[in-house]
Amino acid sequence: MTRWMKRLVAVAAVTLLAALAGTPAQAATGNQGYAVYRNGVLPGGIEWHTAIMDKAHYNTPTYPVIHAPGSSGGNVKFATWSSFIDGNTYQGTYRPKGTAPTSAQRDLFVSRTRMLKDDAIPYNLIYQVMYSLTNSGSWVDPADITSMRCDGVVEYVFEWYDFRVYGSDTYWDVTKVGFWNQDVHRYPSVTPKKQASSYLTKVTSALP
């Protein structure tokens with residue numbers, strides 16, 4: 001399956017799931033689909049933590065973000081804003097570099113992140129996205145993922161729709177099956193702070 005066929009299948013799947021659920025796909029509003037970051041990881045809080053905005057704003061009464069909370073927090077999951085921040089300092093809202101994603105594309109980011117949440121994927125400290133290299137397909141579907149890191153959620157979702165984040169010209173796509181595609185997306189080559197600071201564009205420093 002080619003890259004563009006993969007994306008077309010993903011869009012069709014999201015539309016079908018929305019139709020089956022009786023809720024038509026909607027264009028994202030506010031900050032939906034963007035990545036949000038806070039500090040407070042590792043001694044002195046020098047490293048960051050990240051999530052994808054599921055709702056339009058941080059103060060939405062229901063869970064506004066989806067994230068991989070770390071080894072003590074379990075699987076990729078919905079979270080309240082307070083549990084995401086966890087007493088730390090907000091570092092900003094970010095999007096992919098280059099042309100800004102449209103509202104419809106950000107809606108796809110949200111839908112894809114919810115697929116990761118639905119598959120209850122556990123945390124991985126070293127690799128952004130882990131899966132079996134014997135995968136018979138060319139692309140890493142949510143069901144193939146055995147574990148992932150918080151910044152892996154962001155990278156996976158953005159790159160599934162061809163918004164490049166981190167990596168060489170040959171191995172940047174973390175959603176493509178391959179040893180090097182998987183291996184270059186690991187600590188310390190890329191971290192949440194490096195991801196935001198070097199490979200994404202800040203939308204705002206204000207609370208989303």
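In the predicted model, helix H3 comprises 16 residues, 103–118, and spans 23 Å from its first C-alpha to its last, close to the 22 Å expected at 1.5 Å a residue. Residues of H3 that are buried include Asp 107, Leu 108, Phe 109, Val 110, Met 115 and Leu 116. Arg 106 is also buried, and its charged end sits over the ring of Tyr 34, 4.5 Å from the ring centre. The helix is followed by Ala 120, which has a positive phi near 50°.

A second contact between a charge and a ring involves Lys 176, whose charged end is placed over the ring of Trp 139 at 4.9 Å from its centre.

Aromatic pairs number 13 across the whole structure. One of them, formed by Tyr 63 and Phe 78, is stacked, with 6.2 Å centre to centre and 15° between the planes. Tyr 63 belongs to the loop between S2 and strand S3 (65–67), whereas Phe 78 belongs to strand S4 (residues 77–79); the pair therefore ties together parts that are 15 residues apart in sequence. One aromatic cluster is formed by Tyr 58, Trp 81, Phe 84 and Tyr 90.

Leu 42 counts as partly exposed because its relative accessibility is 45%, which falls between the limits of 20% for buried and 50% for exposed.

How values were computed:
Residues are numbered from 1 along each chain as its sequence is written. This is a predicted model: local features need pLDDT of at least 70, side-chain atom pairs count only at pLDDT 80 or more; totals for chains, interfaces and linings use all residues. Side-chain values use heavy atoms; hydrogens and water are left out. Helices (H or I, at least four residues) and strands (E, at least two) are DSSP runs, numbered from the N terminus. The expected span of a helix is 1.5 Å times one less than its number of residues. Buried means under 20% relative accessible area, exposed over 50%, partly exposed in between (1.4 Å probe, protein chains only). Rings of Phe, Tyr and Trp (its six-membered ring) pair if their centres lie within 6.5 Å; planes under 30 degrees apart count as stacked, over 60 as edge-to-face and the rest as tilted. A charge sits over a ring if NZ of Lys or CZ of Arg is within 6 Å of the ring centre and within 35 degrees of the ring normal.
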